[in-house]
Amino acid sequence: MACETRERELNEHLAYLQANAGSLILSGLSTILFPSSPKKEKKPAGVKPREGAAGAPSASLGMSDYLSVAKNLVPVFWEIAQPLITSWGIRKIRQWITNKIFHKKKAAPQH
């Protein structure tokens, strides 16, 4: 029973990560690129730190967590980049061919 409960919790966490991968990456990158010093609020006595589903204190996500999520988004970025790279390549090839066909040859220097 405990294993099934834990497996269900992990599946819920993974579904959340997949559904919110883009916003998690953006927030992580913005935190890395624009670090701010958050004001720490003093908690009243007797208030416990926030705990996760398993009863352990929740840990903040580290850089490796963001990188693993970003690794899963690489195919999405590649799908976006392919048409851009293809159109750029076609333009360059067309420009090269046009220059080869219509380029006037310089006259040889006379001695």
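The following paragraphs describe the fold, confidence, surface and side-chain pairing of a predicted model.

Residues are numbered from 1 along each chain as its sequence is written, and side-chain values use heavy atoms, with hydrogens and water left out. Because the model is predicted, local features need pLDDT of at least 70 and side-chain atom pairs count only at pLDDT 80 or more, while totals for chains, interfaces and linings use all residues.

The chain holds three helices and zero strands, in the order α-α-α along the sequence. Helices and strands here are DSSP runs numbered from the N terminus, with at least four residues of H or I for a helix and at least two of E for a strand. The mean pLDDT of the chain, the predictor's confidence in each residue on a scale from 0 to 100, is 75, and 65% of the residues score at least 70. Helix 1 (residues 2–19) has the highest confidence, at 89, whereas helix 2 has the lowest, at a mean of 75. Over residues 49–53 the pLDDT falls below 50, and this stretch makes nine contacts in the model beyond near neighbours in sequence, a contact being heavy atoms within 4.5 Å.

Of the 111 residues, 7% count as buried, where buried means under 20% relative accessible area, exposed over 50%, and partly exposed in between. A nonpolar surface patch is formed by I93, W96, I97, I101 and F102, which together have about 600 Å² of accessible area. Patches are made of residues with over 30% relative accessible area and no salt bridge, nonpolar side chains (Val, Leu, Ile, Met, Phe, Trp, Tyr) being joined within 5 Å and like charges within 9 Å.

Helix 2 (residues 21–33) includes G22, which is partly exposed at a relative accessible area of 40%. The C-alpha atoms of G22 and V69 are 8.8 Å apart in space, although 47 residues separate the two in sequence.

Side chains of opposite charge can pair when their charged atoms come close. One salt bridge is found in the whole structure, defined as a side-chain nitrogen of Lys or Arg within 4 Å of a carboxyl oxygen of Asp or Glu. E9 pairs with R6, with 3.3 Å between the closest N and O atoms. Because E9 and R6 are three residues apart in helix 1, about one helical turn separates them. R6 is partly exposed, with a relative accessible area of 40%.

Definitions and conventions. Areas by Shrake-Rupley, 256 points an atom, 1.4 Å probe, with all protein chains shown as cover. Buried < 20%, exposed > 50% of the residue type's maximum accessible area, 1.4 Å probe, protein only.
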